[in-house]
Amino acid sequence: PPRGGRPGAGVVDWLLQALDLHLPAMEANFLRQAHQFLLTCELDGLLDLAPAPAPAAPPPAAPPPAAGRGEGGDMLRIRSRRTPLEMVDQLGAELGACRRAFVGAAAEGRRRSRLQGDVAETLGRLGIAHTEEYTDPRSGYSLDVLLADGHTAIEVDGPSHYAVGTRTPLGNTVMKHRHLQQLGFDVRILPYWEWDALSTPEEKERHVLQLLSLAASCSVVF
């Protein structure tokens, strides 16, 4: 990759072609990862999202699309039309399966933990309107808590979000936080050990207010 660790357009194009070839045989876990890869490419600006210039003369007839590709054949050109989740039909059945696998897994794993419920009840006592388990239509991510402003998100991260015996977040947790921030959310992270150290409703209310008063850049660290 070039300096800075970001792959060049040629590398991304090669990876997309490899996905085209192998997607039909991928299991659900790999489909979910493919969805996150495509989302990362878009949010990091690694895809050619600018409209193609109009040709000076009528272009020659396009060759038939390669097997396994979405309508139009060229993923980079297709993806320049809309955001990834708005164009599933144009990307074809294989890439549509990536989104369905990702959203389906999020729905299956969606359950209100004791920790999240306690945080939501604290917000209620403070009179802070919010929605639990909000699904972002663009990325497919489920947000633990989204405030009524539609911008501020609280991710309540229990022990399963961290490496065993440490306070180091797992890679998929870091990726989610990063994606959500890139999508425009003001993400506030509430780790379980901070909440577990609070014993009274008053302490919890003060902690939530303090969390929401932090500058956005102080809450998420990549």
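**Stop one: two helices**

Helices α2 and α6 sit oblique to each other. This is a predicted model, by the way. To see the pair, select residues 28-43 for α2 and residues 171-182 for α6. Two packed helices are described by the angle between their axes and the distance between the axes. Here the angle is about 40 degrees, and the axes are 11 Å apart. An angle under 35 degrees would count as roughly parallel and 65 to 115 as roughly perpendicular, so α2 and α6 end up as oblique. Their crossing is left-handed.

Now show the side chains where the helices touch. On the α2 side, pick Gln36, Leu39, Thr40 and Leu43; on the α6 side, pick Met175, Arg178, His179 and Gln182. Colour this contact by residue type and you get 3 nonpolar, 4 polar and 1 charged.

**Stop two: aromatic rings**

How many aromatic pairs does a search of the whole structure find? It turns up 4. For one of them, select Phe102 and Tyr141: their rings are edge-to-face, with 5.2 Å from centre to centre and 85 degrees between the planes. Trace the chain between these two and you'll see that the pair links distant parts of it, 39 residues apart. Phe102 belongs to helix α4 (residues 88-108), while Tyr141 is in the loop between β1 (130-135) and β2 (142-147). Are these two buried or exposed? Both Phe102 and Tyr141 are buried.

Note on methods
Residues are numbered from 1 along each chain as its sequence is written. This is a predicted model: local features need pLDDT of at least 70, side-chain atom pairs count only at pLDDT 80 or more; totals for chains, interfaces and linings use all residues. Side-chain values use heavy atoms; hydrogens and water are left out. Rings of Phe, Tyr and Trp (its six-membered ring) pair if their centres lie within 6.5 Å; planes under 30 degrees apart count as stacked, over 60 as edge-to-face and the rest as tilted. Helices (H or I, at least four residues) and strands (E, at least two) are DSSP runs, numbered from the N terminus. Buried means under 20% relative accessible area, exposed over 50%, partly exposed in between (1.4 Å probe, protein chains only). Axes are lines fitted to C-alpha atoms, for helices over the stretch in contact, and angles run from 0 to 180 degrees between N-to-C directions. Angles under 35 degrees count as roughly parallel, over 145 as roughly antiparallel, 65 to 115 as roughly perpendicular and the rest as oblique. A crossing is left-handed if the near helix is turned anticlockwise from the far one by less than a right angle, and right-handed if clockwise. Contact means heavy atoms within 4.5 Å. Ala, Val, Leu, Ile, Met, Phe, Trp, Tyr, Cys and Pro count as nonpolar, Asp, Glu, Lys and Arg as charged, and the others, Gly among them, as polar.
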